[in-house]
Amino acid sequence: MEFPLRNNERGMVLLIVLLVVALLVTILVEFSFSTLVDLRLAETYRDSTRATYLAKGGIRVGRIILQEDGNGYDSLNETWAQNLENYPVAEGVVSIRIDDQGGRLDLNRVVTPQGNIDPLFKDRIIRLLELLDASDPASQTDALIDWIDPDDDAQPAGGENFYYRSLQQPYNCKNAPLDNLEELNLIKGFDRDFTRKLAPHVTVYGLAKTNINTASLEVLQSVAAEMDRSTAEAIIDARRSQPFTSIPQLKELPGLETLYGFIYLYLDVKSSRYQIESTSFVNDGRRTIHVAVAKDGDRILYKRVL
């Protein structure tokens with residue numbers, strides 16, 4: 001015998017059914033969303049992996065370009081200096097940039113391998129900082145020396161462990177050569193704004209001599225106290241029309257006959273240190289690789305993956 005449901009009982013059953021349906025819909029939506037997120041993460045990982053291999057390929061291309069450059073000079077009108085932007089490869093694009101480090105001033109040279117100050121490079125760094133309107137070139141150079149040299153004896157305006165350990169967020173003085181230019185932000189007297197301004201003119205991978213075919217106006221002026229702006233501009237104007245293939249060619253420029261004797265030992269027309277940057281995109285995947293290489297022997301000096 002069946003008993004008819006009262007109205008309130010029918011309403012309760014309907015409410016329970018609606019709650020169950022709502023719960024099932026919520027679970028289904030949550031499951032669908034989780035599945036979509038997992039799918040997107042998998043796609044991003046796949047694209048990032050592809051971008052990584054594509055960026056590695058860009059680094060390899062850059063190294064091949066440098067190895068194929070076999071003439072006796074290096075200048076900004078050669079193949080290696082022409083940037084490759086968004087070149088399509090398979091399902092992605094790659095950009096390759098090669099920067100010569102031989103035309104920059106090597107900050108690590110201010111301290112010799114034996115741990116002594118190199119007065120020539122110290123003067124050059126001070127002159128370069130002055131040309132770039134640094135806040136206190138002499139003090140900043142002292143701080144740079146203390147950061148690099150192996151001892152704990154502070155320069156007159158520098159800073160060793162005592163200074164860095166007394167900061168609000170303390171850390172140790174490195175007492176070793178710079179590994180990259182980002183380290184400058186840790187050194188007393190340097191800040192991010194000035195480091196960005198300084199970066200195009202300096203390196204940590206260079207050699208003792210400066211490539212006059214690629215050096216900036218400021219780096220050329222820093223070579224010697226006798227090198228003024230007009231003389232440095234004359235060098236840059238001359239190399240635009242024809243790169244220098246030997247240092248004695250400088251004597252042919254007006255005003256350099258006398259100056260030549262002060263600077264020729266510190267100059268070169270070729271480079272052996274370069275930085276290659278390869279950036280690739282594959283859909284939502286992105287990868288940038290920085291590599292410092294020695295052209296002689298095709299050796300990797302430093303690698304950073306971003």
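Me: What makes D133 exposed or buried?
Reply: D133 has a relative accessibility of 61%. Exposed means over 50% relative accessible area, buried under 20%, and partly exposed in between, with a 1.4 Å probe and protein chains only. D133 therefore counts as exposed. A word on the source: this is a predicted model, where local features need pLDDT of at least 70 and side-chain atom pairs count only at pLDDT 80 or more, while totals for chains, interfaces and linings use all residues. Residues are numbered from 1 along each chain as its sequence is written, and side-chain values use heavy atoms, leaving out hydrogens and water.

Me: Where is D133, and what is its phi?
Reply: D133 sits in the loop between α2 (119-131) and α3 (137-148). Its phi is positive, near 60°, in a residue other than glycine.

Me: Why is D298 called buried?
Reply: Its relative accessible area is 18%, so D298 is buried. D298 lies in the loop between β8 (285-294) and β9 (299-305), and has a positive phi too, near 50°.

Me: And why is T231 called buried?
Reply: With a relative accessible area of 9%, T231 is therefore buried. Leaving aside neighbours within four places in sequence, T231 is in contact (heavy atoms within 4.5 Å) with L256 and L259.

Me: How do you know that α2 has close to its expected span?
Reply: The 13 residues of α2 reach 18 Å from first C-alpha to last, close to the 18 Å expected at 1.5 Å a residue. The expected span is 1.5 Å times one less than the number of residues.

Methods. Helix = DSSP H or I, 4+ residues; strand = E, 2+ residues; numbered from the N terminus.
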